[in-house]
Amino acid sequence: MERLQKIIAESGYCSRRKAEELIKNNKVTVNGDIVNILGTKANVGDNIIVEGKTISKEDKEYYLFYKPRGVISSTSDDKDRKTIMNYFNTNKRLYPVGRLDYNTDGAIIVTNDGEFANMLMHPKNELEKVYIVKVKGIIDGDAIRKLKQGIVINRIKCIPDKVKLRKVDKIKKSSIVEIVIHDGKNHEVKLMFERIGFLVDKLKRERIEFLNLDGLNSGEYRRITPKEIKKIYSLIK
Ligand code: URA
């Protein structure tokens, strides 16, 4: 037995808060009877009808999406910019696991499995993320050393797992660095480089653990297989 609003939300019909509203407004029946008391429990097997529609348990879907630059990694935007939902042709309530900045492109997991998403976003479960950073200016050994030692952002020291200089263009005065981190604070990579005096020109998330962008073009996605989901669970336990 589970709370009715939880069953409705997990079916993908609407958010839990909206489900509570619908219950209070006599819009929900369980096995033919109106239920308008919050906290009432039901079985997923019960015949639950919301606003005339029968609720069924939603299949879980998991995608790896190659987010393009200039796309918001949320499901809606108050400034009417493109969101990841513009790329998914589905009526499922999908949402991204974590965030990539508007101008960052690369790998992001998108799912309708709220429990899975929350688990991955918990600080103790952060997955390994590989970023390719193009910065203005010449990155030298000193800058790499500083990054490796860790950079304090909002009074917390962020220590990358790996920092590697990939390329320096002395004519264009730009550098490309690979940086691997586990934690996922807002704008973490950009801030790390800013703190040591370099402006990030382009940022790409190349990989989340074993999930790389092979076979995907910007704006495309693929299903994450059940075997891969199992592997993700094994990585955080
Ligand atoms: N770090 C950033 O600064 N931006 C991102 O989008 C991801 C990590």
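Helices (H or I, at least four residues) and strands (E, at least two) are DSSP runs, numbered from the N terminus. This is a predicted model, in which local features need pLDDT of at least 70 and side-chain atom pairs count only at pLDDT 80 or more, while totals for chains, interfaces and linings use all residues. Residues are numbered from 1 along each chain as its sequence is written, and side-chain values use heavy atoms, with hydrogens and water left out.

**View 1. Domains of the protein chain.** The chain is divided into domain 1 (2-54), domain 2 (62-125 + 211-235) and domain 3 (129-208); these bounds come from an automatic or database domain assignment. Taken over C-alpha atoms, the centres of domain 1 and domain 2 are separated by 28 Å.

View 2. D113 is buried, where buried means under 20% relative accessible area, exposed over 50% and partly exposed in between (1.4 Å probe, protein chains only). D113 has no salt bridge, that is, a side-chain nitrogen of Lys or Arg within 4 Å of a carboxyl oxygen of Asp or Glu. The nearest side chain of opposite charge is K60, 4.9 Å away; Lys and Arg count as positive and Asp and Glu as negative, with His and the chain ends not counted. The D113 side chain reaches the backbone nitrogen of E115 at 3.3 Å. Leaving aside residues up to four places away in sequence, D113 touches K60, Y62 and Y95 (contact means heavy atoms within 4.5 Å).

**View 3. G39 in the loop between β3 and β4 (41-42).** G39 counts as partly exposed because its relative accessibility is 25%. Not counting residues up to four places away in sequence, G39 touches R3 and Q5. From C-alpha to C-alpha, G39 and V28 lie 13 Å apart in space, and they are 11 residues apart in sequence.

**View 4. The open sheet β3-β2-β5-β6.** Four strands form this sheet, with antiparallel pairing; two strands pair if DSSP finds at least two bridges between them. β3 (33-34) and β6 (53-54) are the edge strands, each pairing on one side only. Strand β5 (residues 48-50) is joined to β6 by two bridges. V50 has K53 as its bridge partner in β6.

**View 5. The hairpin of β13 and β14.** Strands β13 (residues 162-169) and β14 (residues 174-181) pair in the antiparallel sense over seven bridges. Four residues lie between the two strands, and K173 in the turn has a positive phi of about 50 degrees.

How values were computed:
A polar contact is a pair of N or O atoms within 3.5 Å; within protein, one must be able to donate a hydrogen and the other to accept it, and residues adjacent in sequence count only if both atoms are side-chain atoms.
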